[in-house]
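Work through the exercises below with the model open. Try each task before reading its solution.

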Amino acid sequence: MTSAANEGKSVGVTFDMDTDFQPVSILKVKKNGILEDWNRAHPDKAVMVGDEVVQVNDIKWHANSQTFAERIKGQFLAAKNNKPGAKNRLALYIQRPRKERVVRYQAQREDLHRKLYSAEFDAEISMKGVLPREPIHQAMGWRLNSSVDWQPVSVEKLRATGLIAKYNKEHPDAKIRAGDEIIKVNHIQWHHSSTAFAERLGSQFVAAQKREHSGSSEENVLKLRIRRPRSAHNEAPEEQVYTKYYTVHLDLKDSHKLGWHLNASNDTSLVTVDKIMSKKGHPIAMYNAANPTNAVQVGDNVVRVNNVTWHGNAKKFVERIDKEFARARPRKGGTPHSTSLELLMMRRLVQPIAKESGLSRSRQRREGFWAGS
């Protein structure tokens, strides 16, 4: 911008900035501007009508096209006038859509938004009940997709437990679904970098998590702006989760091992029963034989051992289970503190609930559940 060849020249471009939720695009490239000089010098990277500008220097477009166009102008004038701290180069980051856009009137822009998105709403997620240091994906009960950096972060999968499931239950008219896009968290707008936005989303969650455990009496929520593309597949059957808690009392009469293998590979998830031994004498096998209706099954989660509850650290919790068992396990020549072990178990049964009301009773029987039971 400070070279003699560019002295007195303008950028030489007219922007199309009529739709805030789409990036600023090139409407016209003038023949006597700096941009046309760039095009002649770089024919393989020539800027064309219809190209979209998604960043100028360090400033990214974030769904505010008119403001962003002013920022481009401000960066140009600062460099041209050699203001203190201004960069002497104007860097424009360009993306080229497959279809050229046209200028639209307000009614046309609103109609385009309706065609692209079936819903857009604000969701206030209550942080009540969130555990300290619990990871965002575990607490929210979702898996996010931020693999395409120039597209908004989207909800890839939802579990039937977590803060989102609780919100959906309380707000049936504004449910968050798989395929929805998150374009704002609290005051932070998505701005053309899903990787950066996912990090900001995580930091906002951690801040709310800390507030929840700081003793503050104020309502603590995480505010999300949700946008639902019409291309999202939301017609899949909803999932109904049946959660069952049951208590296992083990009387330890000899030095046998418990007789199971536990899975604690994911440190932030509940400890899961991976395998149950059928060898005679193992306490778990003996309990199952005596309690067939409440038998421990592979896939069940261990929530509590004696008076120690899982608290978001699976590996340490497994160590505590082993420690409690060692204290109660009878040994030759020794007197244990107690000869019993109490476990609180949890079982989740996830079943698809068809949206159509015409689901036959015979089909429900075959699938092993009754809708709404």
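**Exercise 1. Decide whether W190 is buried or exposed, then find its ring partner.**

Step 1. Start with accessibility. W190 has 5% relative accessibility, so it counts as buried (under 20% relative accessible area; exposed is over 50%, partly exposed in between; 1.4 Å probe, protein chains only).

Step 2. Search for aromatic pairs, meaning rings of Phe, Tyr and Trp (its six-membered ring) with centres within 6.5 Å.

Step 3. Read its geometry. The ring centres of W61 and W190 are 6.2 Å apart and the planes meet at 90 degrees, so the pair is edge-to-face. The classes are stacked for planes under 30 degrees apart, edge-to-face for over 60, and tilted for the rest.

Step 4. W61 sits in the loop between β4 (59–60) and α2 (65–80). W190 sits in the loop between β10 (188–189) and α6 (194–212). The pair links distant parts of the chain, 129 residues apart.

Step 5. Check the partner's cover. W61 is at 2% relative accessibility and therefore counts as buried.

Ground rules for all exercises: residues are numbered from 1 along each chain as its sequence is written, and side-chain values use heavy atoms, with hydrogens and water left out. The model is predicted, so local features need pLDDT of at least 70 and side-chain atom pairs count only at pLDDT 80 or more, while totals for chains, interfaces and linings use all residues.

**Exercise 2. Find which strands pair with β3.**

Step 1. Strand β3 covers residues 52–56. Helices (H or I, at least four residues) and strands (E, at least two) are DSSP runs, numbered from the N terminus. In β3, 5 of 5 residues are buried.

Step 2. List the neighbours; two strands pair if DSSP finds at least two bridges between them. β2 (residues 24–29) runs antiparallel to β3, with 2 bridges. β5 (residues 92–95) is also antiparallel to β3, with 4 bridges. β4 is joined to β3 by 2 bridges, again antiparallel.

Step 3. S25 has E52 in β3 as its bridge partner. Q55 stands opposite K60 in β4.

Step 4. Inspect the turn. β3 and β4 form a hairpin with 2 residues between them.

**Exercise 3. Find what lies over the face of Y246.**

Solution. K244 does, at 5.6 Å from the ring centre. The test asks for NZ of Lys or CZ of Arg within 6 Å of the ring centre and within 35 degrees of the ring normal.

**Exercise 4. Judge the chain and its confidence.**

Step 1. Count the elements: 9 helices and 17 strands. Of the 373 residues, 40% are buried.

Step 2. Read pLDDT, the predictor's confidence in each residue, from 0 to 100. The chain mean is 81, and 85% of residues reach 70 or more.

Step 3. Where pLDDT is low, the predicted coordinates should not be read in detail.
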